Amino acid sequence: MNIVFLGLPGTGKGTQAEMLAGEMEIPHIATGDIFREAIGRQTELGQKARKFMDAGELVPDEVTCGMVKERLAQEDTMSGFILDGFPRTLAQAEALDQIMQQLGRKLELVIYFAAPEEVLIRRLSGRRVCSGCGATYHVEFNPPLEEGTCDRCGGELKQREDDREETVIHRLQVNREKTQQLVDYYERQGKLTSLTAEGSLEKVREQLKEAVGLI
Ligand code: AP5
Ligand code: MG
Ligand code: ZN
């Protein structure tokens, strides 16, 4: 199944995508993760993306769309994929339609993670990410067994550069209107399913499994 996860920063897209992709045995493709990895490896893509990400701005469409096009052309996406954090603008949504058409495939489902912004600010400010394997935790809602250390690989947990409060507020502002435009776009295409993303991890997961037909 070819799925897009849509939602404001902190709605839980990455956390849920990780679990669902594992269960469905399809790749989890997160544009933010690809950019962060490129920054870590100091590639040209990383250099292009860095200043936008640190400021909580969107990376320009031409950079992002080219990258997604390349990724979706890879063999492992043939059995389906979860695209997390893309599209984020109408231009990206149109580009995705075109990419899928060129590949002779179809986007089947767009899942919208809806949650009030107060919830998102708390989630983002308490998020910690493993510098070894990328696993995501929350100091209060999903803490590791030992503070500051990843349960999975023992790596050090860090706060993301763009999770400082002023950048979080800016990210929400940058994405609010664009996200709504995408909700309307996919609703018109009849592909949208909305989840109540403010509940617990388990509650969101249940709704998600129902949406993709796993329960
Ligand atoms: P990206 O990495 O995609 O960040 P984002 O969209 O801002 O979303 P987040 O990753 O912050 O939130 P999430 O929904 O994945 O939440 P998570 O599961 O981690 O993008 C970063 C930057 O890259 C952008 O600002 C931009 O610069 C650039 N970029 C990326 N894609 C782009 C694009 N298409 N175009 C242009 N630029 C692009 O959860 C958050 C926290 O909450 C965690 O701590 C988690 O443990 C906790 N949590 C999750 N679910 C629950 C729950 N149900 N209850 C309690 N806590 C929960
Ligand atoms: Mg994420
Ligand atoms: Zn780890």
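Modeller: Two strands are taken as paired if DSSP finds at least two bridges between them. The model is predicted.

Colleague: Which residue of β3 stands opposite isoleucine 3?
Modeller: Strand β1 (residues 2-7) runs parallel to β3, and four bridges join the two. In β3, the residue opposite isoleucine 3 is isoleucine 82.

Colleague: In what order do the five strands of the parallel open sheet lie?
Modeller: β3 is joined to β2 by three parallel bridges, one partner pair being alanine 30 and aspartate 84. Strand β4 (residues 109-114) is joined to β8 by five parallel bridges, and alanine 114 stands opposite threonine 196 there. The order of the five strands is β2-β3-β1-β4-β8.

Colleague: Which strands of that sheet stand at the edges, and why is one side of each left without a neighbour?
Modeller: The five strands form an open sheet with the order β2-β3-β1-β4-β8. An edge strand has a single partner strand, so one side of it has no neighbour in the sheet. The strands in that position are β2 and β8 (192-196).

Colleague: Are the side residues Phe81, Leu83, Ile82 and Asp84 of β3 buried or exposed?
Modeller: Phe81 and Leu83 lie on one side of β3, with Ile82 and Asp84 on the other. Both faces of the strand are covered, and these four residues are all buried.

Colleague: Within what arc do the buried residues of α2 fall?
Modeller: In helix α2 (residues 31-40) the buried residues are Thr31, Gly32, Phe35, Ala38 and Ile39. Seen down the helix axis they line one face, because they fall within an arc of 125 degrees.

Colleague: At what angle to β2 does α2 run?
Modeller: The cover over the buried residues of α2 includes β2 (28-30), α3 (44-54), α4 (61-72) and β3 (81-84). Helix α2 lies across β2 and β3, and its angle to β2 is about 70 degrees.

Colleague: Is glutamate 206 buried, partly exposed or exposed?
Modeller: Glutamate 206 belongs to helix α8 (residues 201-211), which lies across β1, β4 and β8. At 47%, glutamate 206 is partly exposed.

Colleague: What is the strand order of the antiparallel open sheet?
Modeller: Strand β5 (residues 127-130) pairs with β6 over three antiparallel bridges, and arginine 127 has histidine 138 as its bridge partner in β6. Helix α6 (residues 117-125) lies across these two strands, at about 40 degrees to β5. The sheet has three strands, in the order β6-β5-β7.

Colleague: What arrangement do the four donor atoms around the zinc ion (ligand 3) have?
Modeller: The donors are the SG atoms of Cys130, Cys133, Cys150 and Cys153, at 2.3 to 2.4 Å. Four donors count as tetrahedral if all angles lie between 85 and 135 degrees. The angles here are 96 to 116 degrees, so the arrangement is tetrahedral.

Colleague: How many residues apart in sequence are the parts tied together by cysteine 130 and cysteine 153?
Modeller: The donor residues of the zinc ion (ligand 3) are spaced C-x2-C-x16-C-x2-C. Cysteine 130 is in strand β5 and cysteine 153 in the loop between β6 and β7, so the pair ties together parts whose separation in sequence is 23 residues.

Definitions and conventions
Residues numbered from 1 in each chain as written. Chains lettered and ligands numbered in written order. Predicted model: local features only at pLDDT ≥ 70, side-chain atom pairs only at ≥ 80, totals over all residues. Heavy atoms only, no water. Contact = heavy atoms within 4.5 Å. Axes fitted to C-alpha atoms, helices over the stretch in contact; angles between N-to-C directions. Donors = N, O, S within 2.8 Å, 3.2 Å for Na, K, Ca; no water. Tetrahedral: all angles 85-135°; square planar, octahedral: opposite > 155°, others 65-115°. Buried < 20%, exposed > 50% of the residue type's maximum accessible area, 1.4 Å probe, protein only. Arc of directions from axis to C-beta.
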